[in-house]
Amino acid sequence: MTEVGWDADPDVAGWRGLARLGEDLRADVCVVGLGGSGLAAIGEVLRRGLSVIGVDAGRVAAGAAGRNGGFLLAGPATGIHRAAARWGPDAALELYHQTLAEITDLAGLLGPEVVRRVGSLRIAGLPGEPVAESEAADREAELADCDQQYDFLREHGIEVRRYDGELGTGLFLPEDAAMNPARRALGLATRYSSESSGARLFENSPVTAIGTGRVRTPGGVVSAGLVVVAVDGRLEVLLPELTGRVRTARLQMLATEPVRAGRLPCPVYGRWGYDYAQQDQAGRLFVGGGRDRFAEQEWTPHADPTEGVQAWIEQVAARFAGGPVRVSHRWAASVGFTEDGRAVVTEARPGVIACGGYSGTGNLVGPVAARAAVALGLDGTAPAACFSS
Ligand SMILES: Cc1cc2nc3c(=O)[nH]c(=O)nc-3n(C[C@H](O)[C@H](O)[C@H](O)COP(=O)(O)OP(=O)(O)OC[C@H]3O[C@@H](n4cnc5c(N)ncnc54)[C@H](O)[C@@H]3O)c2cc1C
């Protein structure tokens, strides 16, 4: 049962695989990590007409990029109104608009089958009546926070509607989207490694050393003028100098057998975003959460699901389903957090630019950061204020 629910999709299960790096090669740019962010960096290098080699320790999107909730939510992890208070409104709005544009670009590249532009729903608490007094009080506080988010979005001309329906009360953001994250990454890898695009991508090629202009794997060394390290979780393991700037946490999920079709019309998140679920077209739920309930034990570089968190997510899944669920898959993956919620785009070593630390929502911020990493490395363009350099 400890397998990734998204991998049951025929497009993912039928992935043809890529070769392992087996010789020394040279390119303008080497990208380490073939998740959504690394693949965006590769797309950006190709767009500039340069040569690029990408390597991953496992399959394309072996990490969080292929194992996440599949939410495509514009804006920062903490909610735009909170990020605006912390980083300033301009920085928060810039990230909002860039991530919104990222949804549109992804939908254009991969089509509506992969990127479903169905919006997203933020609700206060979880679906159903509160089961404890503390839950009721927390829901009131969260409703007030929804009001603040609504006001901020409206004030800045961003589409938002109030929601009051079967799943609870909160906000509907019509421009957000949903996807099977593994399909996104494999779709991009297929596209960029095609003969006409020309990126050379390698799986099962773990990087054992990174230096200026050189990336070593057991099967060969890549020489490149610029190295981009696009790894979210465990970034500080690969580049120890980033310890203290990014901290790895585990996030866990499960998938269920189909429940009532149409129960979740779009990705739904509640309880301050800690718990979340989306339903695929076959009716299965993909549900995650509970990190705050197990905060200390989830600060770990390990990525195996645990009994306690899974039991929590299972009862969350029942709330989202509106009745009992049967679990079919359980899994976990690593992500990077930063102190102030700003992702890192930084020159970690001379000629080595690292990006990561998306604080739990890197499906869109990751690609935006990865492009900023390429621009920093190739043009010396300083990253925008929504990033920490
Ligand atoms: C359970 C869960 C739910 C989530 N839900 C959402 C969500 O709904 N929406 C959202 O926006 N975000 C979500 N996130 C966060 C999101 O998944 C990540 O922020 C994002 O996928 C990071 O992508 P990435 O490409 O930057 O990095 P990663 O996914 O971390 O990819 C890095 C790649 O680098 C490879 N790698 C690592 N070390 C090496 C090495 N030494 N050599 C070579 N390759 C290496 C890995 O194999 C991996 O494929 C969730 C995360 C989890 C775990």
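This is a predicted model: local features need pLDDT of at least 70, side-chain atom pairs count only at pLDDT 80 or more; totals for chains, interfaces and linings use all residues.
**Ground rules.** I number residues from 1 along each chain as its sequence is written.

**Ligand shell.** I found 35 residues around the ligand (a heavy atom within 4 Å of it). The closest are S37, D56, A65, V207 and D232. I sorted the shell into 18 nonpolar, 14 polar and 3 charged residues; Gly goes with the polar ones, and Asp, Glu, Lys and Arg are the charged set.

**Backbone atoms.** A backbone N or O atom of G69 sits 3.0 Å from a ligand nitrogen. For ligand oxygens, the backbone N or O distance is 3.2 Å at G36 and 3.4 Å at G70.

**Cover.** On its own the ligand has 1000 Å² of accessible area, and the protein covers 92% of that (Shrake-Rupley method, 1.4 Å probe).

**Where does the ligand lie?** I place it between domain 1 (5–68 + 181–245 + 340–388) and domain 2 (117–177 + 246–337), because both give residues to its shell. The domain bounds come from an automatic or database assignment.

**S328: buried or exposed?** I get 19% relative accessibility, so S328 counts as buried (under 20%; exposed is over 50%, partly exposed in between; 1.4 Å probe, protein chains only). S328 belongs to strand β16 (a DSSP E run of at least two residues).

How values were computed. Side-chain values use heavy atoms; hydrogens and water are left out. A polar contact is a pair of N or O atoms within 3.5 Å; within protein, one must be able to donate a hydrogen and the other to accept it, and residues adjacent in sequence count only if both atoms are side-chain atoms. Helices (H or I, at least four residues) and strands (E, at least two) are DSSP runs, numbered from the N terminus.
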